Amino acid sequence: MLIDTITDENIGEKPVHVEKYRTRRASRGIVLREDGKIAVFNKANKNEYKLPGGGIEGDEEPEKAFLREALEETGCEVEIMGFLGTIEEIKTKESFLQTSYVYVSKVINDTKQLHVTQKEKDEGARLVWETPENALKLIKSSFDNLIASKYESVYHTKFIVCRDTRILQEYMKKGI
């Protein structure tokens with residue numbers, strides 16, 4: 001099931017013509033703690049709030065990629081409770097098409113140790129736990145306050161914020 005397709009128009013940009021897109025598959029989603037709070041990955045130096053997740057490596061299955069990404073970005077071993085759907089991002093100015101598989105999971109063990117990349121460290125990576133409602137407010141409110149990093153433009157990050165807003169809205173509507 002397709003949750004949504006995020007395009008340039010969704011972030012207030014005019015699309016450009018693209019002959020061929022680079023493609024990427026990713027896995028991301030909701031990491032739910034026993035107290036009902038969800039993981040939100042904050043890149044403080046960019047004013048960005050996002051859901052945990054990232055790219056699928058090689059022949060990795062989407063489910064395995066999500067388990068790996070959840071452990072890296074939240075420090076939690078998780079159990080997948082359900083599949084929410086897919087979401088697409090079409091970034092014409094980067095000639096980039098990403099399809100993300102979106103899961104809902106629960107924490108089974110919190111190692112309290114993030115495994116972030118140097119890029120994420122440079123961007124001020126930290127984890128916060130919020131109610132779904134507060135998480136949605138944080139993610140949505142970051143849209144107009146984003147700061148570019150040496151790795152990503154505001155254009156790129158606006159897609160992330162818009163995508164994760166839609167994912168969280170879908171989760172709150174459907175639950176799992």
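In this predicted model, Ala26 has Ser100 in β7 as its bridge partner. The pairing between β2 and β7 comprises 11 bridges, and the two strands run parallel. On β6, Glu79 stands opposite Lys106, a residue of β7, and the β6 and β7 strands are joined by 14 bridges in an antiparallel arrangement. The hairpin formed by β6 and β7 has 4 residues between its strands, and Ser95 in this hairpin adopts a positive phi near 45 degrees.

| Strands | Bridges | Direction |
|---|---|---|
| β2 and β7 | 11 bridges | parallel |
| β6 and β7 | 14 bridges | antiparallel |

Two or more lining residues come from each of β2 (22–32), β5 (53–55), α1 (62–74), β6 (76–91), β7 (96–110), α2 (118–122) and α4 (154–174).

Among the helices that line the pocket is α4, which has 21 residues and, at 1.5 Å a residue, should span 30 Å, in agreement with its end C-alpha atoms being 30 Å apart. Because 15 of those 21 residues are buried, α4 is largely enclosed by the rest of the structure. The residue that follows α4 is Gly175, and its phi is positive, near 65 degrees.

Key: Residues numbered from 1 in each chain as written. Predicted model: local features only at pLDDT ≥ 70, side-chain atom pairs only at ≥ 80, totals over all residues. Heavy atoms only, no water. Expected span 1.5 Å × (residues − 1). Buried < 20%, exposed > 50% of the residue type's maximum accessible area, 1.4 Å probe, protein only. Pairing = 2+ DSSP bridges.
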